[in-house]
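Work through the exercises below with the sequence and the 3D view open. Try each task before you read its solution.

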Amino acid sequence: MQRKLAAILSADVVGYSALMEGDEAGTLARLKTNRGAIFDPQVAQHGGRLFKLMGDGALVEFPSVIAAVNCALAIQAATEAAARQGEPIRYRIGINLGEVIVESDDIYGEGVNVAARLQALAPVGGVALSRIVRESVEGKMPCVFDDMGEHAVKNIERPVHVFSVRAARAEDEVGEAMAEAPRKLSICVLPFANMSDDPQQEYFSDGISEDIITDLSKVSALAVVSRNSAFMYKGKHIDLPRVARELRVSHVLEGSVRKAGGRVRITAQLIDAATNDHVWAERYDRDLNDIFALQDEISEAIVAALKLKLLPAEKKAIETRGTENPEAYNLYLMARQYYLTGNFGDSRREEAIARFCRRATEIDPSYARAWALLGVAENRQRFYFDAGGDGGAASAERALLLDPNLAEAHAVKASILFDGGQFDEAGREIAEALRLDPASYDVHRAAASMYLRQRRFAEAARHYEKATVLAEIDFTSPGMLVSCYSAMDDLPSARRAAQESLARVERVLAQDQGNGAAMGFGVGALMTLGQVERAKEWIARALLIDPDNITMRYNFACSVAADLKDVDLALELLAPCLERTKTNIVKHVKSDPDLDILRDDPRFQAMIASAEARFSA
């Protein structure tokens with residue numbers, strides 16, 4: 001079975017059933033004429049391959065998204081000209097770039113399915129694109145895009161962001177900014193800079209930024225760029241007009257946070273993207289206990305500066321938070337930062353996250369998010385160290401009791417059910433979590449982990465890709481993508497993921513040189529990128545710094561097995577892990593594609609058998 005990335009065009013005749021009912025013979029003749037004179041010649045001219053005809057529909061593969069979009073626009077232009085002469089044949093066309101499965105002359109898979117769903121959403125005589133296609137062709141051909149928003153489509157569990165595209169006309173030649181001008185008031189909240197003396201306080205400035213994004217998203221008259229799009233600019237030199245053009249927003253908010261002792265200083269300024277002028281700016285210097293009121297003030301000041309009316313229900317929604325206790329909030333933010341960048345595989349890390357969350361829930365027993373993250377920490381303690389009590393089940397249920405719509409709590413419950421072998425129930429919980437919050441990092445991580453352990457690599461990769469975007473400091477998700485893409489023999493994607501993982505690992509190690517988990521993923525990235533000697537140096541150094549880190553040793557074994565094909569060294573690294581690990585890790589070892597080279601080795605089989613015998617005893 002061959003898998004590859006392909007640009008897929010799906011076309012369908014508008015109102016075909018009605019045309020056939022009115023004039024069957026004539027409709028068939030007109031369709032044949034259109035295909036012979038317009039559709040098929042344009043496909044051939046643009047290098048496409050027609051791999052499936054379905055009555056009035058067609059599926060075409062192209063070597064590039066630019067070729068696919070140019071072909072679609074040419075087909076629609078020629079068909080529209082014929083329609084003006086009385087020809088009733090018109091198309092809807094959808095284009096997607098995605099992974100497909102090739103079998104003989106046929107192509108199928110989600111890449112094809114999404115293209116078909118886009119086609120159904122396209123306007124009559126128009127072309128609909130997925131976000132990845134729009135991003136791939138933008139600036140490379142003269143065309144204009146219209147954002148059609150996100151759509152939930154049949155048999156695709158995550159929403160699809162759809163754009164329509166048309167060729168640029170003479171009246172569109174007014175510059176990129178005008179062609180891409182936003183249609184209503186819209187804003188991007190850039191990550192607030194951490195101006196505290198302690199760089200470890202960055203978790204707090206990130207939390208402030210995320211909360212302002214969330215608050216402004218509750219204002220119906222204002223379009224707000226998502227957190228993952230805004231945080232792509234974190235730590236980079238910002239050209240505000242360019243950011244506004246790239247994100248199609250009318251305004252940009254930037255600011256900084258300084259937290260020291262019991263005080264917090266926040267500066268913020270709102271910029272009009274069209275003029276690059278300040279619309280509003282303010283500096284706040286308050287007691288830390290006023291942090292929630294301060295966030296409310298900033299959000300309401302922005303709404304006022306934009307001359308928008310804040311509805312009573314929207315004001316109430318902005319002022320409703322998971323907790324009203326600043327200390328509980330601060331503890332939760334610290335726990336979450338440690339969860340994303342800490343040295344997992346070290347039991348002290350999981351215990352620290354659990355302590356932060358327990359203290360937060362002691363201060364505010366109704367803080368559902370803290371209960372959910374506590375469930376995650378307890379689940380990982382159970383997975384790696386056979387600790388954590390019931391594995392987080394009670395904490396997850398407590399979170400759901402407090403907030404039944406909390407996606408993260410459903411995701412924790414899904415992981416717990418999956419570990420217990422209740423796969424159908426776990427699937428229902430993760431589907432509900434994705435429905436509730438399709439942009440949740442925690443949900444996509446949980447889904448990816450479940451699919452990976454089922455060896456459903458394409459589905460796992462899709463969720464790890466999303467998690468990589470949603471948390472820019474997470475080095476594990478791009479690291480896991482390396483394994484997924486390697487298992488699918490997609491080496492270009494594996495190398496791309498390795499470069500991203502290594503960049504993030506190096507940022508973490510600059511702050512914490514003893515982070516064994518980061519070194520483990522860094523070695524995997526270096527191996528994939530062909531930097532074998534450097535990877536070996538990292539292994540030697542890491543085993544001296546943190547020799548008892550199970551997860552680090554395990555990741556080293558995976559890299560040595562998958563990239564070096566060194567069975568003896570891989571088994572040497574893996575042996576201490578299997579001697580000390582618990583039931584769920586052994587289940588993972590038995591399904592991990594990186595270890596496939598070891599499966600037939602009697603020593604590996606004996607290690608697995610010994611571990612399973614220890615559990616059964």
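Predicted model: local features only at pLDDT ≥ 70, side-chain atom pairs only at ≥ 80, totals over all residues.

**Exercise 1. Check the length of helix H24, residues 550-564.**

Solution. 
- Step 1. Helix H24 has 15 residues.
- Step 2. The expected span is 1.5 Å times one less than the number of residues.

**Exercise 2. Which residues of H24 are buried?**

Solution. 
- Step 1. Buried means under 20% relative accessible area.
- Step 2. The buried residues of H24 are Ile 550, Thr 551, Met 552, Arg 553, Tyr 554, Asn 555, Phe 556, Ala 557, Cys 558, Ser 559, Val 560 and Ala 561.
- Step 3. Twelve of the 15 residues are buried, so the rest of the structure largely encloses H24.
- Step 4. Now look just past the helix: Lys 565 has a positive phi of about 55 degrees.

**Exercise 3. Describe the surroundings of Ala 372.**

Solution. 
- Step 1. Find Ala 372 in helix H14, residues 368-385.
- Step 2. Its relative accessibility is 3%, so Ala 372 counts as buried.
- Step 3. Set aside neighbours within four places in sequence. Ala 372 then contacts Ala 399, Leu 406, Glu 408, Ala 409 and Val 412.
- Step 4. Compare Ser 559: it is 187 residues from Ala 372 in sequence, and 32 Å away in space, C-alpha to C-alpha.

**Exercise 4. How many disulfides does the structure hold?**

Solution. 
- Step 1. A disulfide needs two cysteine sulfur atoms within 2.5 Å.
- Step 2. The structure holds zero disulfides.
- Step 3. Take Cys 484: the nearest cysteine sulfur belongs to Cys 558 and is 12 Å away.
- Step 4. Cys 484 is buried at 0% relative accessible area, and Cys 558 is buried at 4%.

Technical notes: Residues numbered from 1 in each chain as written. Heavy atoms only, no water. Helix = DSSP H or I, 4+ residues; strand = E, 2+ residues; numbered from the N terminus. Buried < 20%, exposed > 50% of the residue type's maximum accessible area, 1.4 Å probe, protein only. Contact = heavy atoms within 4.5 Å.
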